[in-house]
Amino acid sequence: VVPGFAGSLGAVTLVFGGFAYVLIVAMAATSNDRAVAAIGRPAWQRLHRFGAYYLWILFAQSYLPRALDKSPWYWLPAGLLLAALG
């Protein structure tokens with residue numbers, strides 16, 4: 001752990017990033033036939049669709065502005081994000 005790293009994060013980052021980890025765990029835990037049967041296919045689809053778009057938006061808001069403002073090195077992850085949306 002980098003000393004002072006957690007203290008440098010804002011509340012918005014901690015809340016939205018923390019929720020992303022919750023979604024990742026929920027999606028991983030329900031990625032089997034038994035879980036789909038238990039919660040039902042419509043609920044499973046809603047969870048996975050929402051989770052995928054939420055994570056995409058989180059990464060997009062992180063990389064797209066950096067690609068436009070900071071460094072051309074961010075164009076690769078930004079381009080991959082746009083390709084994944086397509």
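Where is the place of Val15? Val15 sits in helix H1, which covers residues 11–29; helices here are DSSP runs of H or I with at least four residues, strands are E runs of at least two, and both are numbered from the N terminus. Before going on, a word on the model: it is predicted, so local features need pLDDT of at least 70 and side-chain atom pairs count only at pLDDT 80 or more, while totals for chains, interfaces and linings use all residues. Residues are numbered from 1 along each chain as its sequence is written, and side-chain values use heavy atoms, with hydrogens and water left out.

Now zoom out. The chain has four helices and zero strands, giving α-α-α-α when you read along the sequence. Its C-alpha atoms fill a box of roughly 45 × 35 × 20 Å along the principal axes. The radius of gyration is 16 Å, whereas a compact globule of 86 residues would come out near 12 Å (C-alpha atoms; the rule is 2.2 Å times the number of residues to the power 0.38).

How much is tucked away? Of the 86 residues, 20% count as buried, meaning under 20% relative accessible area, with exposed being over 50% and partly exposed in between (1.4 Å probe, protein chains only).

Back to Val15: with a relative accessible area of 55%, Val15 is exposed. Together with Val12 and Phe16, Val15 makes a nonpolar surface patch of about 300 Å². Areas come from the Shrake-Rupley method with a 1.4 Å probe, and for residues only the protein chains shown count as cover.

Conventions: Patches are made of residues with over 30% relative accessible area and no salt bridge: like charges are joined within 9 Å, nonpolar side chains (Val, Leu, Ile, Met, Phe, Trp, Tyr) within 5 Å. A salt bridge is a side-chain nitrogen of Lys or Arg within 4 Å of a carboxyl oxygen of Asp or Glu.
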